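Colleague: I would like to go through this structure by asking about its pockets, rings, strands and sulfur atoms. Please show it first.

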Amino acid sequence: MRRWTVSIAIAACVGLVAGAQAQSNKDKPKPPYFASIGAGKARMRSGPGRSYPATWLYVRADLPVRVVDVFKDWRKVEDPGGTQGWMLGTLISRTRTAVVQGAITELRERPAFGARVLWRAEPGVVGRLSQCARGWCRFDVRGQAGFVEISRLWGVASEETLP
């Protein structure tokens with residue numbers, strides 16, 4: 001009887017660990033995917049390790065990046081300018097942000113061209129994304145929010161849908 005109890009306990013523990021690992025893997029998106037820099041200061045390195053030289057120092061939290069590869073705790077990222085390098089995974093956030101590209105962009109009341117313009121944002125302005133669908137995203141710049149055409153933003157794919 002005691003042998004069966006130990007066997008059942010071991011099987012339950014193995015099942016819990018396997019379930020937790022499966023959930024953890026499910027939460028990790030496969031590259032390429034968009035994310036953002038979560039730290040106020042983040043070093044980009046030429047390789048996946050602290051022994052590789054730093055190539056850039058980013059001092060702009062929430063800057064969107066595209067994760068193109070993963071190696072252990074490191075993420076190979078691409079910034080809006082196309083520069084690629086490696087960052088420690090703890091410096092990368094799943095918070096979705098985007099940066100205005102091209103020309104001054106209008107933030108509208110609704111996701112439609114005829115909707116009232118609420119705000120305007122210059123190229124380089126970073127904001128948080130939500131409600132992306134059918135070519136539009138809600139773009140929030142420190143509480144000033146409106147809908148922007150996806151084509152005016154770097155940090156979201158044209159066919160992507162976000163809640």
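Modeller: The questions and answers below go through this predicted model.

Colleague: Which element gives the most residues to the lining of the largest pocket?

Modeller: The largest pocket has a volume of about 230 Å³. The one that gives the most, with 3 residues, is β11.

Colleague: How many charged residues are in the lining of the largest pocket?

Modeller: The lining includes R60, D62, R128, D140 and R142. Arg and Asp count as charged. Beside 3 nonpolar and 3 polar residues, the number of charged residues in this lining is 5.

Colleague: What is the volume of the second largest pocket?

Modeller: This pocket is lined by 11 residues, and K28, P29, Y33, R75 and R94 lie nearest its centre. Strands β1 (33–37) and β7 (92–93) each supply at least two residues of the lining. By class, the lining has 5 nonpolar, 2 polar and 4 charged residues. The space in the second largest pocket is about 190 Å³.

Colleague: What kind of aromatic pair do W56 and Y58 form?

Modeller: The structure holds 3 aromatic pairs, and W56 with Y58 is one of them. Their centres are 6.4 Å apart, with 35 degrees between the planes. Planes under 30 degrees apart count as stacked and over 60 as edge-to-face, so the rest are tilted. The pair of W56 and Y58 is therefore tilted.

Colleague: What kind of pair do the rings of F113 and W136 make?

Modeller: F113 is in the loop between β9 (105–108) and β10 (117–121), while W136 is in strand β12. The two residues are 23 residues apart, and their pair links distant parts of the chain. The ring centres are 5.1 Å apart and the planes are at 65 degrees, so the pair is edge-to-face.

Colleague: What is the bridge partner of E78 in β6?

Modeller: Strand β5 (residues 74–78) is joined to β6 by 5 bridges, and the two run antiparallel. β6 (residues 84–88) is mostly covered, with 4 of its 5 residues buried. In β6, the residue bridged to E78 is Q84.

Colleague: Which residue takes a positive phi in the hairpin of β5 and β6?

Modeller: This hairpin has 5 residues between the strands. The positive phi is near 95 degrees, and the residue that takes it is G82.

Colleague: Is the disulfide of C132 and C137 right-handed or left-handed?

Modeller: A disulfide is a covalent bond between the sulfur atoms of two cysteines. The count here is 1 disulfide, which joins C132 to C137 with an S to S distance of 1.8 Å. The torsion about this S-S bond is about 120 degrees, so the disulfide is right-handed.

Colleague: Are C132 and C137 buried or exposed?

Modeller: The cut-off for buried is under 20% relative accessible area. C132 is at 1% relative accessibility, and C137 is at 0%. Both C132 and C137 therefore count as buried.

Notes. Residues are numbered from 1 along each chain as its sequence is written. This is a predicted model: local features need pLDDT of at least 70, side-chain atom pairs count only at pLDDT 80 or more; totals for chains, interfaces and linings use all residues. Side-chain values use heavy atoms; hydrogens and water are left out. On a 1 Å grid over the protein atoms alone, a cavity is a set of points where a 1.4 Å probe fits but cannot get out, and a pocket is an open set with protein on both sides within 12 Å along at least five of seven lines; lining residues have an atom within 4 Å of a point. Grid points are joined across faces, edges and corners, and a volume is the space filled by probe spheres set on the points. Rings of Phe, Tyr and Trp (its six-membered ring) pair if their centres lie within 6.5 Å; planes under 30 degrees apart count as stacked, over 60 as edge-to-face and the rest as tilted. Buried means under 20% relative accessible area, exposed over 50%, partly exposed in between (1.4 Å probe, protein chains only). Two strands pair if DSSP finds at least two bridges between them. A disulfide is a pair of cysteine sulfur atoms within 2.5 Å.
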